Amino acid sequence: YMWMLFEIGSVICAAISLGATPTSSGDSLELRSIHLSFENSVIRHLDCRIQTPPRNHESVKESISKLIAAMKGIHCSLLQMISVLWPMFIVGWETYDTNEREFSHNRIGDMQIHGMGKFTRARELWSKFWASTTSL
């Protein structure tokens, strides 16, 4: 399991370094944050599917905290947020914490301004899921 996570991280790092031509240190930091958001969401997703810990388990809380920290390093502009829809969805889906839910809900809400249907649908799904109080 751990070797698979390492391999996935290596592939992601290689892909980013091949396509990255940041023009400033700010671009580089933002690219790193995007990378970290994907890396942590992949780890979270695999952990959920392979080890199936409950959503209130410490490993889940830790990976969601890392995802939130990475997301805070990404400017809320159309191009960047389109690229991290899946990691953002993982945050909203996996957390019980109201502050983390609010962060993800607001971030996705900012994207609705641009008329992005997938962001609207993500918010609708979260709202229904959070209101249901079920755990998947």
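Buried means under 20% relative accessible area. The model discussed here is predicted.

Q: Why is Ser37 called buried?
A: Its relative accessible area is 0%. The cut-off is under 20%. Ser37 is therefore buried.

Q: Where in the chain is Ser37 found?
A: Ser37 is in helix α2, which covers residues 25-50.

Q: What makes Leu67 and Ala70 count as residues that Ser37 touches?
A: A contact needs heavy atoms within 4.5 Å. Ser37 has such contacts with Leu67, Ala70, Met71, Ile74, Val84 and Pro87, leaving aside residues up to four places away in sequence.

Q: How far apart are Ser37 and Ala69 in sequence and in space?
A: They are separated by 32 residues in sequence. From C-alpha to C-alpha, the distance is 8.4 Å.

Q: What makes the pair formed by the side chain of Ser37 and the backbone oxygen of Ile34 a polar contact?
A: A polar atom of the Ser37 side chain lies 2.7 Å from that oxygen. The limit is within 3.5 Å.

Q: How do you know which secondary structure the protein chain has?
A: The count is seven helices and zero strands. In sequence order the pattern reads α-α-α-α-α-α-α.

Q: What share of the protein chain counts as buried?
A: Of its 136 residues, 37% do.

Q: What share of contacts between residues at least 6 apart joins residues at least 24 apart in sequence?
A: The share is 66%.

Q: What makes up the accessible surface of the protein chain?
A: It comes to about 7900 Å², and 62% of that belongs to carbon and sulfur atoms.

Terms used: Residues numbered from 1 in each chain as written. Predicted model: local features only at pLDDT ≥ 70, side-chain atom pairs only at ≥ 80, totals over all residues. Heavy atoms only, no water. Helix = DSSP H or I, 4+ residues; strand = E, 2+ residues; numbered from the N terminus. Buried < 20%, exposed > 50% of the residue type's maximum accessible area, 1.4 Å probe, protein only. Polar contact = N/O pair within 3.5 Å; in protein donor to acceptor, adjacent residues only side chain to side chain. Areas by Shrake-Rupley, 256 points an atom, 1.4 Å probe, with all protein chains shown as cover.
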